[in-house]
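Me: I am new to structural models and would like to learn how to read one step by step. Could you take me through some features of this one?

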Amino acid sequence: MKRLKAGDIIYRLFAIVFFLIFIYPIYFTVVSSFKTNTEIWNTMFALPSKIEWSNYTSAIFDVGILRAVLNSFIFSFGACMVVVVFVTMAAYVAARKLIRFSGALRLYYLLGLMIPPYAMLIPIVTMFTNFGFRDKYWPMILLYAAINFPMSFYLITGYIEGISKELDEAAIVDGCSTTGIVFRIIFPIASPGIFTGAIISFLAVYNELIFANTLLTNQAMKTISVRLLGLQGERFTSYGPMFASIVLSIVPILIIYLIFQEKVESGMAAGAVKG
Amino acid sequence: MFGVMSRRKKIEAILLSLPAFLLYSFIFIYPMISVFRLSLFKWNGIPNSPLQFVGIQNYLALFADRKFFTALTNVGIFILSGCILILPVAVFLATVVQSKLRGKRLLKTSYFMPQVISRTAIALMWYFLLYPEGGPLATLIHGLGFDSVNVNFLGSQTYAIYAITVINAWTYAGFNMLIFSAGLTAIPEDVYEAAKVDGAKGWQKLRYITIPMLKSSFQIFLLNCVVGSITTFEMVYVTTGGGPGSASEVFGTLLYKNAFTYNNYGYSNAMGSFLIIASFLASVLLTGLFARGQKE
Amino acid sequence: MQKKIISVLLASVLAVSVLSGCGNSGGDSKDSSKKSEETAKSEDGKVKVRILTRFSNPDSVRERYFMDMVAKFQEENQDIELEDVSISDEESHDTLFKTSVASGDPIEVFNFLGYAANIDYVKNGVVTDISSLLEEDPSWTENYIDALFAPVDYSAYGIEGTYGLPTSPYGVCCFYNKAIFDELGMEMPETWEGIEAAAPKLIEAGYIPMAFGAKDNYRAGHFLTALSMKYYGDQLKTDLIDNEKAWNDPEMLGLIEKMQKWQEDGLFGDNNLAYDANGELAKLENKEAAIIFSGSWNIATINEFSNIDDIVCKGFPYFEEKPEYKDEWMGGPDDFMAMTSQPGDPDYDATVRVLKFFTSQEYYQGLYEAQAGAGTYPVTFGETIQADALTTEFNEYYGKASNMIGEIEQFSPMTSLLDVVRTEVTTIFSGDKAKDIADRIQGEVDTYNASN
């Protein structure tokens with residue numbers, strides 16, 4: 001058996017220390033969500049002496065966190081559907097240079113990757129109310145689709161470029177229209193790339209705060225970020241339900257992450273290399 | 001016959017590009033132009049009150065604002081903290097997930113997890129972790145015997161911004177880990193083998209092989225770090241809102257406050273224009289710089 | 001698992017695009033976005049009216065009462081869809097209203113803050129003049145206290161009319177935990193000199209002399225105004241608003257210096273930026289704080305404390321050296337129920353009904369009963385309920401008030417001044433020096449004056 005060198009031990013120790021650093025805040029939140037108001041403080045690791053389920057009933061019925069989770073899902077799923085359909089069509093045309101100015105168009109979309117959408121907050125807010133778009137699902141979904149469109153466009157165009165042209169040429173000979181090629185041929189082949197784009201959009205929308213916070217006024221329309229933010233001013237002294245709300249809002253997204261781990265990670269990494 | 005077909009195909013291609021183009025132009029580009037236009041006016045946010053053309057006065061006010069320079073400094077702190085804190089941690093974590101350690105899948109998951117959690121939830125979690133009266137960090141610091149340490153980090157004008165950069169590092173380290181881990185995968189194994197034959201030690205391998213070969217990963221990191229720091233907003237907004245006082249103000253919080261608290265919409269749009277131009281320039285200049293470095 | 005989900009996803013996308021078959025060019029045009037008409041009527045023909053207050057915390061008695069009344073209104077008025085968009089947090093509340101105004105669709109019924117700081121909303125016709133409505137229905141306001149309408153009277157600026165109905169008036173006061181003082185064998189001090197003398201003993205015994213939840217930045221603003229009234233009466237306010245005096249002149253600077261000194265001496269305890277007004281109440285109930293600086297709006301909530309018998313209400317402390325200003329108060333009308341619908345709007349009649357409901361004598365009668373007579377009201381009642389001890393104590397002081405003003409910054413037309421002063425004064429709790437704070441406030445005022 002090979003003996004471990006001191007350097008190796010230190011290396012492993014650090015790996016574990018970082019593991020603890022990243023996991024601890026979540027551990028603390030989960031444990032605290034089962035504690036009473038006073039039990040939360042002055043402990044670091046202790047488990048609850050008695051499990052306080054009432055925090056969860058309060059988070060569900062008083063805070064209405066499940067409704068917020070549902071809203072976040074609706075916005076995320078809607079936006080990612082719109083992104084997928086629109087982007088795949090546009091990305092195919094751009095990747096195959098089917099129209100003039102394809103290159104210029106790509107630069108035009110690249111702009112969207114460099115500029116923070118919230119810089120346009122005021123005109124967007126004005127536009128939304130001028131058109132009566134506030135507190136409605138569809139406009140919000142389209143907004144999120146537009147914001148997340150450039151990133152997915154970049155990812156999916158790159159993916160389609162990697163697909164051999166022979167396939168579409170064969171389809172053209174068979175009398176397939178371009179639209180037919182996009183949805184019947186490219187879509188299934190490019191699905192890993194498209195799915196990566198979709199999941200990245202999904203995550204971004206699920207966690208978005210700024211636009212949701214200014215455009216959604218109706219209690220029933222609020223997303224998790226808005227609801228959690230509102231809790232700060234509302235009931236700052238009942239901590240248990242607050243922790244329970246945090247737990248309920250992050251559990252669904254963590255599950256999605258764990259299921260699609262590879263996709264999420266590769267998509268995020270690819271997105272980072274946009275420059 | 002063929003001409004007709006190709007013309008039809010062209011129209012079809014345009015139609016396919018159109019929905020995305022319209023959506024993006026209408027919701028992204030059009031508001032962007034509005035920001036530039038409205039930044040030249042004074043407006044209190046009430047539709048019936050007229051827009052008052054003031055030329056570049058909003059920009060002059062912007063550059064005369066003490067808080068603007070606080071924000072500038074804080075962006076600098078964000079960039080520095082990225083290089084000092086996030087960079088080494090991310091590189092280290094990348095080597096862990098690329099190593100042959102047992103349980104590295106679990107480690108990778110934990111390192112990356114913060115990235116998928118909403119910033120608001122993260123801010124709330126850390127608010128409690130840093131809570132000065134009985135919060136875990138306060139308990140730890142006092143438990144170690146440092147009773148005199150002021151543990152109210154988010155409530156301190158000096159430390160608030162650093163506390164936020166730590167939270168920020170916690171959130172983004174896993175994301176940057178991926179950049180470097182992708183870079184590490186790209187280094188062929190035989191380079192190390194050859195170095196081993198030449199008798200290279202661990203740190204020598206790091207110094208002469210790993211780091212030079214990760215060059216493009218470093219560039220990507222730097223680009224993300226600079227642009228991300230300029231445009232940082234949510235993290236500050238949900239933790240301190242720019243306070244205490246204006247100690248942790250960044251461009252985003254100033255934009256928000258000037259519009260929705262001070263009714264200074266023109267000024268706020270000037271801030272928006274500044275942000276658009278600054279992040280655009282940073283992206284283009286850095287990319288250009290790296291491209292030139294590649295050629296030489 | 002992953003593959004399955006992906007295929008389901010793809011299948012659903014394919015189903016969406018099933019029309020685009022081979023050899024069939026599908027002109028896939030985007031659904032034209034929804035019609036942009038001002039949706040006064042919802043799908044089922046109901047008129048939609050939104051109401052925005054600061055009442056969304058069910059733990060507070062009067063906020064819970066409001067929420068119950070929203071439900072009641074909904075039940076009794078099936079033809080109106082009343083949407084309650086209330087939000088406790090002041091900043092979020094203001095942002096919500098301002099974005100709704102900026103986008104040209106202001107929330108129909110809302111809490112208007114009045115005063116000069118908000119004159120823009122009146123000048124530009126956002127807030128509706130309700131004087132003709134009040135004339136048509138004299139019984140509506142017959143029991144209202146007339147003096148409370150002053151902040152929504154803009155006739156001094158050449159604008160006639162009435163722009164809202166006062167909600168519950170308030171007074172800034174202090175609550176004492178008598179048990180602590182009894183335990184230490186001390187009298188409850190009612191002057192700043194007395195509090196300064198008592199503070200070391202309280203601190204030594206492990207109590208916070210006066211809890212101050214600076215996480216809410218309005219706490220610092222309220223405190224400063226209350227302090228200025230006890231030291232200078234309302235003269236300082238007038239001088240500051242008229243630019244006769246600067247914020248960094250000795251008068252205001254001196255007051256900020258006092259706050260700073262008290263903070264340094266530990267009078268306000270530690271970690272003030274970590275807790276808010278709710279935290280103050282918790283500290284009073286948990287016997288951590290001997291005194292909290294608070295206001296009449298919390299009386300009903302404090303009445304539900306487990307140790308309510310220990311709690312005593314007194315006026316904001318005065319200065320022994322300034323007995324002439326002992327009864328000068330920060331207080332008055334809190335805010336105003338106002339509306340933004342104009343005659344002729346499709347939702348005008350419905351909005352008037354909502355406004356009337358939430359400002360009616362019955363509404364306040366119900367609140368009066370729900371709070372068992374505790375607190376303050378904008379109307380007088382025919383039959384008075386024997387109020388609880390705290391309210392009685394409060395009214396004893398409140399009744400003696402010789403003068404009463406809102407927060408100083410509200411009197412300035414500079415909208416941002418309120419937030420600037422509050423935020424800057426709050427930095428006392430993160431170690432800033434009074435002089436720097438005063439200079440920075442005056443700097444903002446100078447910038448404003450230069451550009452207007």
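Predicted model: local features only at pLDDT ≥ 70, side-chain atom pairs only at ≥ 80, totals over all residues.

Me: Let us start with domains; into which parts is chain A divided?

Reply: Chain A is divided into domain 1, residues 6-57, and domain 2, residues 63-272, and the centres of these two domains, taken over C-alpha atoms, are separated by 32 Å. Where they meet, domain 1 of chain A contributes eleven residues and domain 2 of chain A contributes eight. On the side of domain 1 that touches domain 2, helix 1 (6-32) and helix 2 (54-61) of chain A each give two or more residues, and helix 1 of chain A gives the most, with three residues. By class, that side of domain 1 of chain A has three nonpolar, six polar and two charged residues.

Me: And how is chain C divided?

Reply: Domain 1 of chain C is made of two stretches, 47-168 and 334-359, while domain 2 of chain C is made of 170-332 and 396-451. Eleven residues of domain 1 of chain C are in contact with 13 residues of domain 2 of chain C, and the domain 1 side of this contact has six nonpolar, two polar and three charged residues. The centres of the two domains of chain C, again taken over C-alpha atoms, are 29 Å apart.

Me: How should I read a sheet, and in which order do the strands of the open sheet in chain C lie?

Reply: In general, the strands of a sheet pair through backbone hydrogen bonds, and the pairing is either parallel or antiparallel. In chain C, five strands form an open sheet in the order 2-1-3-10-4, with mixed pairing. Strand 2 (80-84) and strand 4 (165-166) of chain C are the edge strands, since each of them pairs on one side only. Strand 1 (residues 47-52) of chain C runs parallel to strand 2 of chain C, and five bridges join the two; across this pair, C:Lys48 stands opposite C:Glu81 in strand 2.

Me: For a helix, I would look at its length and then at its surroundings; is helix 3 of chain C mostly covered or mostly open?

Reply: Helix 3 of chain C, residues 90-102, has 13 residues and reaches 18 Å from its first C-alpha to its last, close to the 18 Å expected at 1.5 Å a residue. Helix 3 of chain C is mostly covered, with ten of its 13 residues buried; among them are C:His93, C:Leu96, C:Phe97 and C:Val101. After the helix comes C:Gly104, whose phi is positive, near 85 degrees.

Me: Which element gives the largest share of the side of chain C that touches chain B?

Reply: The contact takes 31 residues from chain C and 27 residues from chain B. Helix 3, helix 4 (119-123) and helix 16 (417-426) of chain C each supply at least two residues of the chain C side, and the largest share, seven residues, comes from helix 3 of chain C. The chain C side divides into seven nonpolar, 15 polar and nine charged residues.

Me: Finally, where does UniProt place the feature "transmembrane region" in chain A?

Reply: The unreviewed UniProt entry places this feature at several spans of chain A, including residues 107-129 and 239-260. In the model, residues 107-129 of chain A are 74% helix and 0% strand, with their end C-alpha atoms 30 Å apart. Residues 239-260 of chain A are 95% helix and 0% strand, and their end C-alpha atoms lie 32 Å apart.

Note on methods:
Residues numbered from 1 in each chain as written. Chains lettered and ligands numbered in written order. Helix = DSSP H or I, 4+ residues; strand = E, 2+ residues; numbered from the N terminus. Expected span 1.5 Å × (residues − 1). Buried ≥ 20, exposed ≤ 12 C-beta atoms within 10 Å, placed from the backbone. UniProt positions renumbered as here; feature names shortened; annotations may be inferred. Domains from an automatic or database assignment. Contact = placed C-beta atoms within 7 Å. Nonpolar A, V, L, I, M, F, W, Y, C, P; charged D, E, K, R; others polar. Pairing = 2+ DSSP bridges.
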